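Visitor: I am new to this structure. Please take me through one part of it closely, the place where the chains meet.

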Amino acid sequence: MRILALILQRIAWLVPTLAGLVAVVFFISRVIPADPVSKLAGETASRAQVELLRQKLGLDRPLLVQLADYYKQLLSGDLGTSLFTTRPVWDDLYARLPATIELTIVAMIIAVVIGIPLGVVSALYRNTIIDHLLRIITVAGLAVASFWLALVLQLYFAMDLGWLPLQARITGFPPPSITGFYIVDTLVEGNFTRFGNVVAHLTLPAFTLAFPALATVVRFTRAGVLETLQKNFVVYQRAMGIPSGLIVWKYVLRNSLISTVTQIGLLFGILLAGAVVIETVFQWPGIGAYAFEAILQSDYAAVMGFTVYAGAVFGIVNLVVDISHAILDPRGAGA
Amino acid sequence: MSTAIDVLRKLLRDPAAAAGLLIILLLVLVAIFAPLLATHPEAIWDMNPRQRLLPPSDMYVFGTDRMGADIYSRILFGARITMVIASVAVGAALLIGVPIGLISGWTQNWLGEALMRVSDIFLAVPQIVLAIAISQTLGPSIENVILALSVTYWPWFTRLVHAEVRSLKNETFIEAAIALGVPTWRIILLHVLPNVASPIIVRTSIGMGFTILTASALGFLGLGAPPPAPEWGRMIAESREFLPQAWWYALAPGLAIFLVVMGFNLLGDGLRDVLDPRIRRAGARR
């Protein structure tokens, strides 16, 4: 019951937060000098033509009326129409979503699968050479500019050695669209050469995106394991003669992962923020690159659509994380 | 004052924190003395087509860029832009975020609640998404980057201070002060604020690093200081056209960003260990 109450309370908070976010972005994007209507109408358009277009788009009405309309439109599930692609924003986002999800999931897997064991090793060999080396790498992971890392990796692995492709998702035509995830689609197609091609295209962007998240996972796991190692039950298990490998990789790890789970929300934030920059560098056709293009063209509807969408996804991920934390660790649920 | 010296002494005993402090000191010195340290200070703004895209040599330590300017000299002047953006943006975020956190943590009524909900709105998307939207709509300039970064960073201070103040309010010495009839503003300024100073200082150091990274990303995306300015992120963006031949072009600016952000992160970690013994070196960044 308490968990149900928590879920309802958090959902109730999410809605006004998103409404506020919409209002903030709305005012930011419209109070501003840049005028998309004249850009859209083209250089040769007369003043009257520009005004006509402005009326047609409803941009001549008071801001609050426009905002109220936008809320109404959102409630009916419509994110608006992009001024430049002239397609519904939702369709644009939907078409580009699989690319971003694929990239983000692979990056998340890299961060977790490599990060957790490294964090455990770092804690077990505390203050040895291994620990110092791993900590230097994690500090570096949080300090390096992702776009620069991307360029360096492109320079070395793509341009210099020629081992990996420079950018994009695949060479040649995309696979038949079944799930939209090229990894899955090429496998369904049964074409392993193309599957390898997709994996090769994914490697550089996914690793670049994963690097700061990986560093965060290592730090949290290390801290969590160090804390759990001092608990009484570990001392007891040691005294009982349970093999230390079993203690560490089963009992200690399970207990320290609780704190790592709560960080998935943070990781997701790092990955989503990184996606905007990384997708632009690697010409990855996802929603991050879409948002950046939309911003450059003052495409209100697309910018708003992306922000609302990102806010909703971010909010829901944090909600799910909080709920799973409450279930995994009921001790903290009341707080 | 003696506590500040004490903290400094403990910091210098930690090699990582001492390294961080050294890097930041170096950055400040470089920013101040850029005109003296630069080997080609005059070549920051001018075009020298004949020295275009030269590899590193004795004359040009980090090579030259597409305008024929010395990259080493540009990096030094870029340190000024980086320092100004980061310190003004984080300073403004402090000035907005800390008072709001103090008020909302102390009052715990509808006002405090409303202020926290407003800060939640800004935390509802990753910082860079809002920062890109703001700096694009305002137009590319250093002032607008600073504005975009401070508008999106203050909630981190608010949230931190809010949580600290709430737990402090239940402490006996605060209750005693209230019972003695000490004016509220006096309690907040003289008893609460000094007790939340440590986490604020730690967050400021880590926030400087984080802000420098975000600012350079904005510069890279073309939303920072306009073209001739030696902004590190923009220099990296410019280099893309000339890869792989001019491999040195992006090298120095990227290393500069890396070194400086690492400096602030190391100092932040060290400060956390010294100032707040409860928390060990854990993960939370930003």
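How many residues does the contact take from chain B, and how many from chain A?

Guide: This is a predicted model. In it, the contact takes 39 residues from chain B. Chain A puts in 44 residues.

Look at the side of chain B that touches chain A. Four elements of chain B each give two or more residues to it. They are α5 (110-122), α6 (127-138), α9 (184-220) and α11 (251-275). The most comes from α6(B), with nine residues. By class, this side of chain B has 25 nonpolar residues.

Now step back to chain B as a whole. It has eleven helices and zero strands. Its C-alpha atoms fill a box of roughly 75 × 45 × 30 Å, along the principal axes. Of its 286 residues, 49% are buried. Take the contacts in chain B with a separation of 6 or more: 70% of them come from residues 24 or more positions apart.

Read along the sequence, then, chain A is one α element after another. The box for its C-alpha atoms is roughly 85 × 55 × 40 Å, again along the principal axes. Chain A has 335 residues, and 39% of them are buried. Among its contacts between residues at least 6 apart in sequence, 74% join residues at least 24 apart.

So much for the two partners. Back at the contact, keep α6(B) in view: it gives nine residues to the side that touches chain A.

Note on methods: Residues numbered from 1 in each chain as written. Chains lettered and ligands numbered in written order. Predicted model: local features only at pLDDT ≥ 70, side-chain atom pairs only at ≥ 80, totals over all residues. Contact = placed C-beta atoms within 7 Å. Nonpolar A, V, L, I, M, F, W, Y, C, P; charged D, E, K, R; others polar. Buried ≥ 20, exposed ≤ 12 C-beta atoms within 10 Å, placed from the backbone.
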